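Work through the exercises below with the sequence and the structure open. Try each task before reading its solution.

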Number of protein chains: 2
Amino acid sequence: MTPRFERVAVIGVGLIGGSFALALKQARACSHVVGVGRDPRNVRLALERGVVDSSETDPAAAARGADLILVATPVAQAGKVFASIAPALGADALVTDAGSTKCGVVAAARAALGEKLRQLVPAHPIAGGEHSGVAAASAQLFRGRRVVLVPLAENAPAAVERVSGAWQACGAKIARMEPEEHDAVFAAVSHLPHLLAYALVHELAGRENSAQLFSYAAGGFRDFTRIASSHPEMWRDICVANRDRLLAELARFAAKLESVRGLLQAGDAGALERLFAEARAARGRWLEGEYDA
Amino acid sequence: MTPRFERVAVIGVGLIGGSFALALKQARACSHVVGVGRDPRNVRLALERGVVDSSETDPAAAARGADLILVATPVAQAGKVFASIAPALGADALVTDAGSTKCGVVAAARAALGEKLRQLVPAHPIAGGEHSGVAAASAQLFRGRRVVLVPLAENAPAAVERVSGAWQACGAKIARMEPEEHDAVFAAVSHLPHLLAYALVHELAGRENSAQLFSYAAGGFRDFTRIASSHPEMWRDICVANRDRLLAELARFAAKLESVRGLLQAGDAGALERLFAEARAARGRWLEGEYDA
C-alpha cells in the first residue's frame, strides 16, 4: 500500500531530489514538498515547475514538521545536513538519502543524529546519469529502477517498511544490502567505470591534437564516455568517500589491463579473441537478464 | 553526381558490406550486387532480403566482371582477398575496403595487387557498433557518417573521385587521411576504448561474485561497456594490425590512470574535481560540435 506523507522535505533539489518529489506527487503520496537547494536559480526553477511547493534555505527549517526527509546532496555534505536537521526532526519523522556510497553516509549519520539514527533508513537509487539539476528531473526517473535500501540495526521494521513504500511509490524495485557490500559492489560496477571514462577523456583532451582526435570520435566513443559528463562534485565526493574500495578496483583493473597488454605485445591473437568473446558473452548474458535479481 | 556501377561485388556480407549494398541500391547507383560470405546462413539471409542479388563462394568469381569491389572482411583477411581477386580484376574495376586499420591493409594490398594497386582506394567508414552480421544491415547505416578515404600515390584522381562518389551515394561525408595518421587517431579514439571495455567486462565476469556485480550494473555501465559486445574476430584483427600504436595508447592511458590513482590515494578532492570538470567540459564541447570537421 502506498504510504501517505503530509510534508516531504527534499534537501538538495537536483535530478534525484526533484524526481523523488515529482514521483511522490504523481503517486499522490504526499501533500506538500518543501525544497532546499544551494543554487537559487535551481530552487526557483523547481518552484516554477511545481517540483516543490515551497522552499527554505535552511535544512532545519525544511525538516521541521516534515514526516519524510530526503537528503539528496553530494555525499560529502550528508553529515552536515544530518547535524543541521537533527534538532528539528519530529519523533515520527523518517529520513532517507540517495547517496551513491553508504559506509560514509552511515558513519556521518551515526555521528550527527545520535538517538535519532533509528529514524534514518539509508538508500541508493540506481538512477541518474550524465544529466544533473532539477531541469532534468522526471516523475519517471525511478520507474523500474532498483533502489538499494541499507537498513540500520537501529531501524524499527515499520520505519524500513514506510521508507521502502515511499521509494516504491516512485516506481522503484527495492533491494537490500549491507553498507560494506553495497560500497564494494558499486566501486566495481559504477565508481571504477566513471573514473576510467573521466581519465580517458581527460587524457585525450590534454593532447596537442585533441581537436583532431575528437573530430573522429564516433558513436562507440560517445557511449563509452557518456558517464564522463556526470556531475564532477558528486563524483569527487563518491570517489573520496569510497576511496579504499575504489583503489582496490583500480588495482584489479590495472592488473587486467597489464595482462591484456602482454597478450597484445606478444601478438597472441587467439588469446585476445577468446578474451573478447568471453567478455561479449558475459555482457550478452547480462543484457538477457540472466543476472537479474 | 552519383556514379553508376553495373556489377558491385561485396566480399564479406556482414553489417558493413550488407549496408553498403543496400545503400547503393537505394541510391540507384548499381544494377547488380554479388556477395561473398563465409557463413552460408548469412549469405542466404542476404539473398532472401535482397541485400545481394547473387552469391559466390570464391572472391575471384565475384570480382570477375565487377566494376566496384568492396572488401569488408576482418582486416587480417584483406591480403588473402586481394591476392585472390587480383587476377580477376578488370582494367576499369575499382576496389575499396572498410577496414578499421589502414597501414596493414595498404601493405597487404601492395604485396598482393602488384600493378593493380592503383585500382584500390582504401576507406574506413566510421560506422558500425556492437551489432554485426547482415541481419543488422541498413541502407541508412552510413547516412551522415564519415568515411575516411586513404588514397594511395598510385591512384588516379578519377579513381579516387569515383570511389568517393560511391561512399557519398551511401550518404557518407568524406574525409581524407594518410594511413599512419589514420591508424594513430583511431588507436586513441576507438581501438583503446574497445580494449578497455573488453578488459573491464572480462575482469568482472571472472570474479566469484560476478552474478551479483552484474545484477547491480545499470545504465551507465551498459553504455560504458556497449563496445565490449563488438565482434571478437574483427577486434582481434584490429588490435593485432594496429598493435604498436595501440600499445602506445595503452601506455599513455596507464600513465594517466596512475596519476588519477595518486590523486585518489592522496585524497586530493580538489584535483579530482578539476579533472572531472575538465573532462566533462571537453566532452561537452565535443557534443556541441566544436571539433566537427
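**Exercise 1.** Which residues in α7(B) meet which residues in α11(B)?

Solution. Keep in mind that this is a predicted model. Begin with the two segments: helix α7 covers residues 179-205 of chain B, and helix α11 covers residues 243-265 of chain B. On the α7(B) side, the residues are B:E180, B:D183, B:A184, B:A187, B:A188, B:H191, B:L192, B:L195 and B:L196. They meet B:R245, B:L246, B:E249, B:L250 and B:F253 in α11(B). Now sort the contact by class. It has 9 nonpolar, 1 polar and 4 charged residues.

Next, take the geometry. The axes of α7(B) and α11(B) come within 9 Å and cross at roughly 55°. Roughly parallel requires an angle under 35 degrees, and roughly perpendicular runs from 65 to 115. α7(B) is therefore oblique to α11(B). The crossing of α7(B) past α11(B) is right-handed.

**Exercise 2.** Describe how α11(A) packs on α12(A), and classify the residues in the contact.

Solution. Locate the helices first. In chain A, α11 spans residues 243-265 and α12 spans residues 269-287. Their axes lie 8 Å apart, at an angle of about 140°. Roughly antiparallel would need an angle over 145 degrees. α11(A) and α12(A) are therefore oblique to each other. Their crossing is left-handed.

Then list the partners. α11(A) contributes A:V260, A:L263 and A:L264. α12(A) contributes A:A271, A:L272 and A:L275. The class count for this contact is 6 nonpolar, no polar and no charged residues.

**Exercise 3.** Are α4(A) and α5(A) roughly parallel or roughly antiparallel to each other?

Solution. Take the angle. Helix α4 (residues 78-85) and helix α5 (residues 103-113) of chain A pack at about 25°, with axes 8 Å apart. The cut-off for roughly parallel is under 35 degrees. α4(A) and α5(A) are therefore roughly parallel to each other. α4(A) passes α5(A) in a right-handed crossing.

Now the contact itself. A:A78, A:G79, A:F82 and A:A83 represent α4(A). A:V105, A:A108, A:A109, A:A112 and A:L113 represent α5(A). These residues divide into 8 nonpolar, 1 polar and no charged.

**Exercise 4.** What rotation superposes chain B on chain A, and where is the C-alpha of chain B nearest the axis?

Solution. The rotation is 180°, with 0.0 Å of shift along its axis. The superposition has an RMSD of 0.0 Å. That is the relation of a two-fold axis. In chain B, the C-alpha nearest the axis belongs to B:F224, 2.0 Å from it.

Notes: Residues are numbered from 1 along each chain as its sequence is written. Chains are lettered from A and ligands numbered from 1 in the order in which they are written. This is a predicted model: local features need pLDDT of at least 70, side-chain atom pairs count only at pLDDT 80 or more; totals for chains, interfaces and linings use all residues. Side-chain values use heavy atoms; hydrogens and water are left out. Copies are superposed by least squares on the C-alpha atoms of residues with pLDDT of at least 70 in both. Axes are lines fitted to C-alpha atoms, for helices over the stretch in contact, and angles run from 0 to 180 degrees between N-to-C directions. Helices (H or I, at least four residues) and strands (E, at least two) are DSSP runs, numbered from the N terminus. A crossing is left-handed if the near helix is turned anticlockwise from the far one by less than a right angle, and right-handed if clockwise. Contact means heavy atoms within 4.5 Å. Ala, Val, Leu, Ile, Met, Phe, Trp, Tyr, Cys and Pro count as nonpolar, Asp, Glu, Lys and Arg as charged, and the others, Gly among them, as polar.
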